[in-house]
Amino acid sequence: MSYLDEEIAKLEKQRRLEEREKRQGNAIHLNLREHPELEETPSPQEIMEGILKGTLIVEGAEVSFEKTSLMRTGICMRLPQEFVQTLGTSEHLVYSNEKLEMNLMMQWVKPVKAMSMGQFKEIMQQQFRSMELGMNWMEDGNVVPCALQTRYCVFNSSVANGQVFNYQAFIEKGDHQLIFNVNGNLQRWSHWKPVITGMISSLEVTGS
């Protein structure tokens, strides 16, 4: 009986996968945005597997990932190919997706001194107050698993057309730091949070 139950569960999972594939396309993408409860949320393991294999369904649309060397950091990471590089120097990388209205920015720096997350939070809050802008600190912690020590924080703020999330990760490598930042419409946060975590977790050290 337990064997039969397992086979039924496998068939049901296959049916759900086939239905998910049929839901791809612009019309269904819009429907998922209107009815997010229709989209099954993949597990962190499934998201990681999709990123490593190079394909993942996010917000009902297929997103492709490719291993990318990041400047002269000796670090590579799997980045979404739907994001177009708009700036590339030895210390800065910027990728954008106009359709999603999202940006991915990276900066390779040598910090003058170490800073705790509490100190960073206080500085950011002061900056927003000085500009008379609202800011809400959402969460912070460590990215696990990751090949390098990585702290992250998330906060949202108001812009002319709504609320945006700002995700910042601080990836430590020797005496340098890779600052990894993603921002976009706050409504996309629940979809992209595990994807961003998966992207950072795909990090590989390729050089000193």
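A: Glu204 counts as partly exposed, because its relative accessibility is 30%, which falls between the limits for buried (under 20% relative accessible area) and exposed (over 50%), with a 1.4 Å probe and protein chains only. The model is a predicted one, in which local features need pLDDT of at least 70 and side-chain atom pairs count only at pLDDT 80 or more, while totals for chains, interfaces and linings use all residues. Residues are numbered from 1 along each chain as its sequence is written, and side-chain values use heavy atoms, with hydrogens and water left out.

The side chain of Glu204 meets that of Arg78 in a salt bridge, at 3.1 Å from N to O, the term being used for a side-chain nitrogen of Lys or Arg within 4 Å of a carboxyl oxygen of Asp or Glu. Because Arg78 lies in strand S3 (residues 75–80) and Glu204 in strand S11, this pair ties together parts that are 126 residues apart in sequence; strands here are DSSP runs of E with at least two residues, helices are runs of H or I with at least four, and both are numbered from the N terminus. Arg78 itself is buried, with a relative accessible area of 13%.

Glu204 also meets the side chain of Lys67 in a salt bridge, at 3.3 Å from N to O. Glu204 belongs to S11 (residues 204–205) and Lys67 to strand S2 (residues 61–69), so this second pair joins parts that are 137 residues apart in sequence. Lys67, at 44% relative accessibility, counts as partly exposed. Taken together, Lys67, Arg78 and Glu204 are linked in a network of salt bridges.

The structure holds six salt bridges, and another one of them is formed by the side chains of Asp175 and Lys110, at 3.4 Å from N to O. That pair also links distant parts of the chain, with Asp175 in the loop between S9 and S10 and Lys110 in the loop between S6 and helix H4 (117–130), 65 residues apart. Asp175 is partly exposed at 46% relative accessibility, whereas Lys110 is exposed, its relative accessible area being 55%.
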